[in-house]
Amino acid sequence: MPQFTFRALERDYQWYDRMDEANAALRSAVPPGSSFWKALDTLRSAGAQCVGDNRDRRLARCTYSERIIIDDYHPADAIWTVLLHLQDGEAVDLTMSRDIDKR
């Protein structure tokens, strides 16, 4: 199985526009019930920057940003965000989103 990276995730998403496949790749790399610290290491190794949430110590936010071209000529940033929920030392839930910043 190829190593999970956000760069590969973005390339696949640009071609196929399928968030369900992106979520499946994420859950394959970080299955629910994984060690929280191992999950963070996997996401960091995939290219994300991860930080904790001061308001909720059971939450980490990992982001990856890549410069892309949209509509054939407009530069933009594709921003992938993964919210990682901690319970009893395990990553119990992951939520992923992709946003475009056209600035």
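The side chains of Asp 77 and Arg 67 form a polar contact at 3.3 Å. A polar contact is a pair of N or O atoms within 3.5 Å; within protein, one must be able to donate a hydrogen and the other to accept it, and residues adjacent in sequence count only if both atoms are side-chain atoms. The model is predicted: local features need pLDDT of at least 70, side-chain atom pairs count only at pLDDT 80 or more, and totals for chains, interfaces and linings use all residues. Residues are numbered from 1 along each chain as its sequence is written, and side-chain values use heavy atoms, with hydrogens and water left out.

Asp 77 belongs to strand β4. Helices (H or I, at least four residues) and strands (E, at least two) are DSSP runs, numbered from the N terminus. Neighbours within four places in sequence aside, Asp 77 touches Ser 65, Glu 66, Arg 67, Asp 99, Ile 100 and Asp 101. Contact here means heavy atoms within 4.5 Å. Leu 83 also sits in strand β4. With neighbours within four places again left aside, its contacts are Leu 59, Ala 60, Arg 61, Asp 93, Leu 94 and Thr 95.

Helix α1 spans residues 6-16, and its Phe 6, Leu 9, Glu 10 and Tyr 13 are buried. Down the axis of α1, the buried residues fall within an arc of 95°, so they line one face of the helix. The arc is that of the directions from the helix axis to the C-beta atoms. These buried residues pack against α2 (19-29), α3, β3, β4 (74-87) and β5 (90-101). Trp 15 is also part of helix α1. Its relative accessibility is 71%, so Trp 15 counts as exposed. Buried means under 20% relative accessible area, exposed over 50%, and partly exposed in between (1.4 Å probe, protein chains only). Just after α1, Asp 17 adopts a positive phi of about 55°.

The lining of the second largest pocket includes Phe 36, Trp 37, Cys 50 and Leu 86. A pocket, on a 1 Å grid over the protein atoms alone, is an open set of points where a 1.4 Å probe fits, with protein on both sides within 12 Å along at least five of seven lines; lining residues have an atom within 4 Å of a point. Two or more lining residues come from each of α3 (36-45), β2 (49-52) and β3 (59-70). Helix α3 gives the most, with four residues.
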